[in-house]
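Hi,

Here is the structure I said I would pass on.

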Amino acid sequence: MPPFVAFAGVLGGLAVVRWAYKTAVRINQELEEMRLSRVAEAAHMGNIQTLKRDPVTGAYRPG
């Protein structure tokens, strides 16, 4: 009986890992879609800020 319990535990663990992996992939895809839509919307509206280098300090500033 103990080998059966161990086998069932391993199968349960694999099922949890598979579920967690699929969930992580789905969430990452949704986040990537949202990021791309925000970038496309900003490009459409012309709201993309660029950074320019300040020649005096060498720091990058919006502009």
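Let me start with the salt bridges: searching the whole structure turns up three of them, where a salt bridge means a side-chain nitrogen of Lys or Arg within 4 Å of a carboxyl oxygen of Asp or Glu. Before the details, some housekeeping. This is a predicted model, so local features need pLDDT of at least 70 and side-chain atom pairs count only at pLDDT 80 or more, while totals for chains, interfaces and linings use all residues. Residues are numbered from 1 along each chain as its sequence is written, and side-chain values use heavy atoms, with hydrogens and water left out.

Now the pairs. Arg-26 and Glu-30 form a salt bridge through their side chains, at 3.2 Å from N to O. Both residues sit in helix α1, four residues apart, which is about one turn of the helix. Glu-32 and Arg-35 make another salt bridge, with 2.7 Å from N to O. These two are also in helix α1, three residues apart, again about one turn. Then there is Asp-54 with Arg-61, whose side chains meet at 3.6 Å, N to O.

How buried or exposed are the partners? Arg-26 is partly exposed at 42% relative accessible area (buried is under 20%, exposed is over 50% and partly exposed is in between, using a 1.4 Å probe and protein chains only). Glu-30 is partly exposed too, at 38%. Glu-32 comes out partly exposed at 35%, and Arg-35 is partly exposed at 38%. For the remaining pair, Asp-54 is partly exposed with 22% relative accessibility, and Arg-61 is partly exposed with 41%.

On to the overall picture. Helices (H or I, at least four residues) and strands (E, at least two) are DSSP runs, numbered from the N terminus. The radius of gyration is 24 Å, whereas a compact globule of 63 residues would have one near 11 Å; the radius is taken over C-alpha atoms, and the globule rule is 2.2 Å times the number of residues to the power 0.38. The C-alpha trace spans about 75 × 30 × 5 Å along its principal axes. As one distance to check in your viewer, Ala-8 and Pro-62 are 54 residues apart in sequence and 58 Å apart in space, C-alpha to C-alpha. Ala-8 belongs to helix α1 and is partly exposed, at 38% relative accessible area.

Finally, the surface. Buried residues account for 2% of the 63 residues. Phe-7, Val-10, Leu-11 and Leu-14 make a nonpolar surface patch of about 410 Å², and Phe-7 is found in helix α1, residues 2-45. Patches are made of residues with over 30% relative accessible area and no salt bridge, joining like charges within 9 Å and nonpolar side chains (Val, Leu, Ile, Met, Phe, Trp, Tyr) within 5 Å.

That is everything from my side.

Cheers

Note on methods:
Areas by Shrake-Rupley, 256 points an atom, 1.4 Å probe, with all protein chains shown as cover.
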